[in-house]
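User: I would like to learn how to read a helix in a model. Please take me through one case.

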Amino acid sequence: MALKDVIDRCGMRVLILLICWVGLGSFGAPDYVHILSSVGAALCVVGMTEAFLPSREKRSAYKPPVSFRLREFARAALSRDNARRFMIVALILLGFSFFIPFSVWYYVLIGVNVLATVLCLAFGNR
């Protein structure tokens, strides 16, 4: 990787951190909460940008059609190993839904995880 690429990547990360710092600073939280939330939000945004925006080396490479990429994603997500993980997450959310006052969103996510478990068991590779 060339030096200019490293500078571009680091500059983008610093810019994202500064935007998160300014955006989250208006809530009046204590300093330590402001720092932790800004760094956490910046790390999430940087991870998403790196996942969705390919590097310069990958931009020029052949890109398969969207249907093939969706099929590969579904094949990886709907494996039998993931069925157990989806069910564990659904059970954890069910446990937390008894203690949280706004439990409707928990029930929606529990339904999504149970549906993902059923799809994994029905269509997952053996």
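**Reading contacts and helix faces**

Analyst: Contact means heavy atoms within 4.5 Å. Leu119 lies in helix α6. This is a predicted model, in which local features need pLDDT of at least 70 and side-chain atom pairs count only at pLDDT 80 or more, while totals for chains, interfaces and linings use all residues. Residues are numbered from 1 along each chain as its sequence is written, and side-chain values use heavy atoms, with hydrogens and water left out.

User: What is the relative accessible area of Leu119?

Analyst: Buried means under 20% relative accessible area, exposed over 50%, and partly exposed in between (1.4 Å probe, protein chains only). Leu119 has 31%, so it is partly exposed. Leu119 and Arg80 are 39 residues apart in sequence, and 9.3 Å apart in space from C-alpha to C-alpha.

User: Is Asn113 buried or exposed?

Analyst: Asn113 is buried, because its relative accessible area is 12%. Asn113 also sits in helix α6. Beyond its neighbours within four places in sequence, Asn113 is in contact with Phe86, Val89, Ala90 and Leu93.

User: How many residues does helix α5 have?

Analyst: Helices are DSSP runs (H or I, at least four residues), as are strands (E, at least two), numbered from the N terminus. Helix α5 covers residues 80-97 and has 18 residues. From its first C-alpha to its last, α5 reaches 26 Å, close to the 26 Å expected at 1.5 Å a residue. The expected span is 1.5 Å times one less than the number of residues.

User: Which residues of α5 are buried?

Analyst: They are Asn82, Ala83, Ala90, Leu93 and Ser97. Seen down the axis of α5, these buried residues fall within an arc of 110°, so they line one face of the helix. The arc is that of the directions from the helix axis to the C-beta atoms. An α-helix has 3.6 residues a turn, so residues three or four places apart point the same way.

User: What covers the buried residues of α5, and which exposed residues are on the face turned away?

Analyst: The cover includes α4 (66-77) and α6 (104-123). The face of α5 turned away from its buried side carries the exposed residues Asp81, Arg84 and Leu91.

User: How many helices does the protein chain have?

Analyst: The protein chain has six helices and zero strands. Buried residues make up 16% of its 126 residues.
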